[in-house]
Amino acid sequence: MVATQLLSVDPIHPDAALLAIAAHALRQGALVAFPTETVYGLGANALDPSAVDRIFAAKQRPFTDPLIVHLAGVEQLDGVARTPPTVAYSLAALCWPGPLTLVLQRADRLAPNLAAGRPTVAVRVPAHPVALGLLRACQLPIAAPSANLFSRPSPTTAQHVLKDLAGRIEFVLDGGPTPIGLESTVIDLTQEPPRLLRHGGADLAPLLQLLPDLQIPTRPLIAAESAPAPGTQLRHYAPHTPLLLVSGHAAAAQNLLDAALETLSARGLRAGLLLPDEELPRYPRWAERIVALGPGEAPEQVGRTLFTRLRQLDELAADVVLARPLPQTTAGLGPAVQDRLFRAAEGHTVDAETPAALSTLLELVEQLLPGRMLTCQSGERTV
Ligand code: TXA
Ligand code: MG
């Protein structure tokens, strides 16, 4: 156990004296959580293997999942990456500071454990005055994954960080809620053609102008599949309460969800709902069991509070949560929001438009909560 100190800083004009305290701690090998424009990061000196080891220990993160190195500016890129390609500088000019992470060949001076033994490194320049102020003050590349316990939703407030990591890290700089709310977009430039590893806070459309051959997976990358990429494990961003996604048209979903909530309560289970705002009026009977996602047509808005909503699900005192995705879109933050919802549900999806949807849903719940469902009445399965 270490004592965790919370330092409140102005998110626009952070106090230089407070940043100096945190920067000094980083230079001494301490762990400091700080806000970025995406989510809170858990920072350590990227040149110090034992400080980097402490990140993995504090987060309970497997050593096989590499960390992102944060820089104060593109001029530091040569110090952490070996011979970055020209397109890296073009992307940096377009997006940095900002929510784009580039995977490049790693420079030898970085702690090797931050990259999980890979010859590569993920790098970004964050667009948040507190993060940038801290990076400038400590004059070091800072390794920083999201400041949550492994597989939990990423933290978008200092309170989320404390909930997961109090007693495990030295400092939290509290700069209020993070503006984007979803992690950065990750692009691997060490592969030919370059590959999108994670949908995130950067809009892909302008990036595609510079990377016309970018490989974009058509469905979420899942580590269990044949070409595992780090950080693509399915269980991620997950609330403690199991989550199940119900796809299909809103009217079909309404029928299925109404029947499912009723059947589940008859069997002694309480189900909650996670819904885009426009679907709320369809469920007047279950109003006190609903967490609203925000307007489905505005993924930017949904993204800002998504991880807070996922954490709120655990306050519903539900045994299971049935969630509706946002309307499909490839624009803006739409794909990133869909990806996080899919992972929060560990990939469990039921299509409301299939004939046996209710029994499929009940079987999935039984798998998620083995032995918890009361034995069904004979014939009930055919509802
Ligand atoms: O917005 C963000 O990216 C936040 C803030 C704090 O900057 N950070 C963040 O870090 O989300 P983390 O560790 O939670 O996610 C980093 C992602 C993981 O999916 C990891 O596997 C991938 O980047 N990554 C890191 N280094 C990599 C590498 N060398 N090759 C491939 N993927 C890498
Ligand atoms: Mg993370």
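Reader: How do the residues of the shell around ligand 1 divide into nonpolar, polar and charged?

Author: The model is a predicted one. There are 23 residues around ligand 1, and those that come nearest are Thr38, Arg61, Asp65, His70 and Ser184. By class, the shell divides into 11 nonpolar, seven polar and five charged residues.

Reader: Which strand supplies the largest share of the shell around ligand 1?

Author: Three strands each supply at least two residues of this shell: S4 (68-70), S6 (120-124) and S10 (195-198). The largest share amounts to four residues, and it comes from S6.

Reader: At what distance from an oxygen atom of ligand 1 does a polar side-chain atom of Ser184 lie?

Author: A polar contact requires N or O atoms within 3.5 Å. The side chain of Arg124 has an N or O atom 2.9 Å from an oxygen atom of ligand 1, and for the side chain of Ser146 the distance is also 2.9 Å. For Ser184, the polar side-chain atom lies from a ligand oxygen at a distance of 2.5 Å.

Reader: What percentage of the area that ligand 1 exposes when taken alone does the protein bury?

Author: Taken alone, ligand 1 exposes 680 Å². Of that area, the protein buries 96%.

Reader: Which elements are included in what covers the buried residues of helix H2?

Author: Helix H2 spans residues 49-59, and its buried residues are Ala51, Val52, Ile55, Phe56, Ala58 and Lys59. After the helix comes Gln60, with a positive phi near 55 degrees. The cover over the buried residues of H2 includes strand S3 (40-45), strand S7 (142-143) and helix H6 (158-165).

Reader: Which element gives the largest share of the largest nonpolar core?

Author: This core has 49 residues, of which Leu42, Trp96, Leu102, Leu114, Ile169 and Ile187 touch the most other members. The elements giving it two or more residues include S3, H2, helix H4 (86-95), strand S5 (100-105) and helix H7 (204-210). The largest share, five residues, comes from H2.

Reader: Which residues are in contact with Ile187, leaving aside its neighbours within four places in sequence?

Author: Ile187 is one of the residues that touch the most other members of the largest nonpolar core. Contact here means heavy atoms within 4.5 Å. With sequence neighbours within four places left aside, the residues in contact with Ile187 are Leu100, Thr101, Leu102, Val103, Arg195, Leu196, Leu207, Leu211 and Leu214.

Key:
Residues are numbered from 1 along each chain as its sequence is written. Chains are lettered from A and ligands numbered from 1 in the order in which they are written. This is a predicted model: local features need pLDDT of at least 70, side-chain atom pairs count only at pLDDT 80 or more; totals for chains, interfaces and linings use all residues. Side-chain values use heavy atoms; hydrogens and water are left out. A residue is near a molecule or strand if one of its heavy atoms lies within 4 Å of it. A polar contact is a pair of N or O atoms within 3.5 Å; within protein, one must be able to donate a hydrogen and the other to accept it, and residues adjacent in sequence count only if both atoms are side-chain atoms. Accessible areas come from the Shrake-Rupley method with a 1.4 Å probe; for residues, only the protein chains shown count as cover. Ala, Val, Leu, Ile, Met, Phe, Trp, Tyr, Cys and Pro count as nonpolar, Asp, Glu, Lys and Arg as charged, and the others, Gly among them, as polar. Buried means under 20% relative accessible area, exposed over 50%, partly exposed in between (1.4 Å probe, protein chains only). A nonpolar core is a set of buried Ala, Val, Leu, Ile, Met, Phe, Trp, Tyr and Cys residues joined through side-chain atoms within 4.5 Å.
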